[in-house]
Amino acid sequence: MSADTLEREQEPAGEHLTMGIDPWEKNWMRVSILLLVVFAVAITVAGFAAGFQLPGEESEVDPRTLTTEGPWADPGLRDLGNGHYEAYVLAQAWSFAPRELVVPVGAEVDIYVASSDLQHGFKVTDTNINMQIVPGQVSKLTFTFDEIGEYPYICTEYCGQGHAAMFGTVQVVSEADFAAASSDSSTDTSTDSTTPTTEAQG
Amino acid sequence: MTITERAPAAVEQPGYQLTQFERRFIGGHLFVAIVALGIGSLMGPLQSLEYSNVNLYKYLDPILKSYYQGLTLHGVLNALVWTTFFIVGFTNFTTIKGLGRPLSHPRVNQVGFATMVIGLLMAAVPLLLNQATVLYTFYPPLEASVFFYLGLTLVVVGSWIEGVGFYLTLAAWRKDHRGVRSPFIALAGTINAAMWQIATLGIATEILTMILPWKFGITDATDPELARTYFWFTGHPLVYFWLLPAYVSWYGMLPKQAGGKLFSDSLARLSFWMFLLVSVPVGFHHQFVDPGIPQVWKWLHAILTYAVFFPSMLTAFTVIASLEYAARKRGGTGLIGWVRALPWGDPSVTSQLLAGILFMFGGIGGLTNASYNINLVIHNTTWVPGHFHLTVATAVTLSFIGITYWLVPLLCGKQLWGRRVAVAQAWTWFVGMVIFSNAMHMLGLLGAPRRTPLGEALYVPDEWNGHLLRVSIGGSILLVAVIMYLVVMYKTVRGPVADPADVPQAPIAESLRHPQLTPVWLDRFKPWLIAAGLLLVLSYGPQLFDQISDMSLNAPGVDFPVF
């Protein structure tokens, strides 16, 4: 039997090959599409027109030389002037260096995180800073710390048995406290930032 | 709406009875799947109790070395082994029963199954010896035993081979039935197998071109960002590979079990084709906060992920309409009141209805995950496992459990043992999951990291404690539900052989409208495969080309034992 005869035989009289969509379902489909278009527009506007940022193509590094060369060999906060800072954070199994970042309230901080070994995560509680840390890549986000307080940064990617112990803290302090801290402990901060090599822990 | 009811002509599906060998073959898949679910689920409460500082791992030291080993077993056995073996076994069933004929090349499927089992055994050894505690995402340069990667590869390759078997069988049926629309459940199962074959190209490339050369010492390091891109090429469509067999049941079987028909044959087919088209080009939405991927690709994949949401919206309408049709035929009335007229005493129906209800919440949470901007709030937090315990661990797993409530008795020629226990099992799962998942979502919003023994973490603030406790309570209730399920399965399989009249039949739903009225383009692989290929090239091609040509194999990992 040819395809044609079969089709004609089985096609019930008076009806044609159509999707046969129920009117209610048609409306449901229209509403679904409208909803998804609204969502898409909303995330596009919020994502690109409202100053929102995600990590992206920043720069690449060599994980094998990360702890000996370049800015992550001496991680910590640098003052760029005018309330603008940059922070270099080194992620290693199983600690962050430095373990504490002290910033003055209102500081705009460019945070650069890189890993010399495994994948890690870097999420600062109660902020919009959340980055995947991938060996070979630099993860960067900028954040302005407008409120005094403690903001833990937590490793959010499994990286071995010490993963749950891997965290640090951003201390957002008043201008006065920051000035006092940086004048009397300028040596302290550098010791703090050179504690990173924890290979021995394994 | 005019409802035309006709018996489907020329579709000889109900007539074919499975041979003893086919029953055993499909049963073999289900056996592996259910054992994996049983072992994997026993690990779950170890995790959830740890959240409340009840660390049972220290008593299990000779068997399990750490929280992370338990978590790896939980993820691999439940999310990969239970799902894959069940799905391939079930697709054998829907192909044979849907087409009303045996497999055209049973040897192909047998080789496929044997490959999967060998792969599973190969991966199981390092998993149990704490040599592969890398979680089921195994992000390099975290390094597992080579047998873990080889085993995983064989499981995937075995599932490909079985997929070829389904395709050949469907093609053989079509040759004998020119011009006739393919039976829905057989077509849908084969579409899922095809989607899986396309999707797993990513993970295959990752293991074959990057991980194995590194493990065998040909290269001394990896490129972790490229590995992530390969992984998520497979990692997100993986969830549709899990979900679509549940949809096969919701569209093509559940209506019959509820006493009704499939509301729209053409839209059921359309949604499966759309899944073939848009399931794969969405992986970058798992990499929104990754370095090294330009924002524009992340954004594009966010939009495409919304496109995948559309066939799920179609499914919601068609499945609920089919159920309403069934319920009203059973005398149900009212705007919502008809729901009570559904056969809630049938454990298979109840499991799948409860699975569907929680899936709605899973879907809404999924929109959050897929959103280019708000994903940042929940990425790598407990929100994410909270989400996928609604989807894979409930929509999928509870539906599969519901399917086994008729399929296992059918294959064994027995009656289901303890129908009331089975109904209670579904409700227990539902309640446990509502508590567990809600608490996990809340914790995630507060910033709790996923995959972390929060009981021992030092940064946990007091405000998390209530939620941590609820995770433990929910997880314990789920353990009860799993044990109830295993008892029902064990007693059923060990029970006496039943009178054939008492053995469940395959519930294959007819559609309200004659399937022969469905347009031909909804019954053809070629246009959809071509479109899927083109979309993949457009959505992944340029960025993947960039990452491959810029590949730097410079991440050696660590030289001390990490787990």
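**Close-up views of a predicted two-chain model**

**Figure 1. Strand 10 of chain A and its two neighbours.** Strand 9 (residues 149–154) of chain A runs antiparallel to strand 10 of chain A, and six bridges hold the pairing. Within this pair, look for A:Pro152, which sits opposite A:Thr169 of strand 10. Strand 4 (residues 100–104) of chain A also pairs with strand 10 of chain A, here in the parallel sense and through five bridges. How many residues of strand 10 (residues 167–173) of chain A are buried? Six of the seven are, and the strand is mostly covered. As in every view here, the model is predicted.

**Figure 2. A:Ile111 and the residues around it.** A:Ile111 belongs to strand 5 (residues 108–115) of chain A. Is A:Ile111 buried or exposed? Its relative accessibility is 1%, so A:Ile111 counts as buried. Leaving aside residues up to four places away in sequence, A:Ile111 touches A:Ala87, A:Val89, A:Phe122, A:Ile129, A:Met131, A:Ser139, A:Lys140 and A:Leu141. A:Ala87 is 24 residues from A:Ile111 in sequence, yet their C-alpha atoms lie 4.8 Å apart.

Figure 3. A:Lys140 counts as partly exposed because its relative accessibility is 24%, a value between the 20% limit for buried and the 50% limit for exposed. Beyond residues up to four places away in sequence, the contacts of A:Lys140 are A:Pro55, A:Glu58, A:Asp110, A:Ile111, A:Tyr112 and A:Met131. For a sense of scale, A:Val37 is 103 residues from A:Lys140 in sequence and 30 Å from it in space, C-alpha to C-alpha.

**Figure 4. Where chain B meets chain A.** The contact draws on 89 residues of chain B and 72 residues of chain A. Together the chains bury about 6,800 Å², with 65% of that area on carbon and sulfur atoms. Between the chains there is one salt bridge: the side chains of B:Arg451 and A:Glu157 meet at 3.1 Å, N to O. Polar contacts join 22 residue pairs between chain B and chain A, counting pairs with both residues at pLDDT 80 or more. On the side of chain B that touches chain A, the elements giving two or more residues are helix 7 (224–235), helix 10 (265–278), helix 11 (295–329) and helix 13 (375–378). Helix 11 of chain B gives the most, with 13 residues. That side of chain B divides into 54 nonpolar, 21 polar and 14 charged residues.

**Figure 5. Backbone angles worth a second look.** Most residues other than glycine have a negative phi, and most peptide bonds are trans. A cis peptide bond, with omega about 0°, joins A:Ala97 and A:Pro98; A:Pro98 lies in the loop between strand 3 (95–97) and strand 4 of chain A. Another cis peptide bond links B:Pro140 and B:Pro141, with omega about 10°. B:Pro141 is in the loop between helix 3 (106–128) and helix 4 (146–176) of chain B. That loop also holds B:Asn130, whose phi is positive, near 60°. B:Asn130 is buried, with a relative accessible area of 11%. B:Asn53, in the loop between helix 1 (20–50) and helix 2 (67–99) of chain B, has a positive phi near 70°. B:Asn53 is exposed, with a relative accessible area of 59%.

Key
Residues are numbered from 1 along each chain as its sequence is written. Chains are lettered from A and ligands numbered from 1 in the order in which they are written. Side-chain values use heavy atoms; hydrogens and water are left out. Contact means heavy atoms within 4.5 Å. Buried area is the accessible area (1.4 Å probe) that two parts lose on being put together, summed over both. A salt bridge is a side-chain nitrogen of Lys or Arg within 4 Å of a carboxyl oxygen of Asp or Glu. A polar contact is a pair of N or O atoms within 3.5 Å; within protein, one must be able to donate a hydrogen and the other to accept it, and residues adjacent in sequence count only if both atoms are side-chain atoms. Helices (H or I, at least four residues) and strands (E, at least two) are DSSP runs, numbered from the N terminus. Ala, Val, Leu, Ile, Met, Phe, Trp, Tyr, Cys and Pro count as nonpolar, Asp, Glu, Lys and Arg as charged, and the others, Gly among them, as polar. Buried means under 20% relative accessible area, exposed over 50%, partly exposed in between (1.4 Å probe, protein chains only). Two strands pair if DSSP finds at least two bridges between them.
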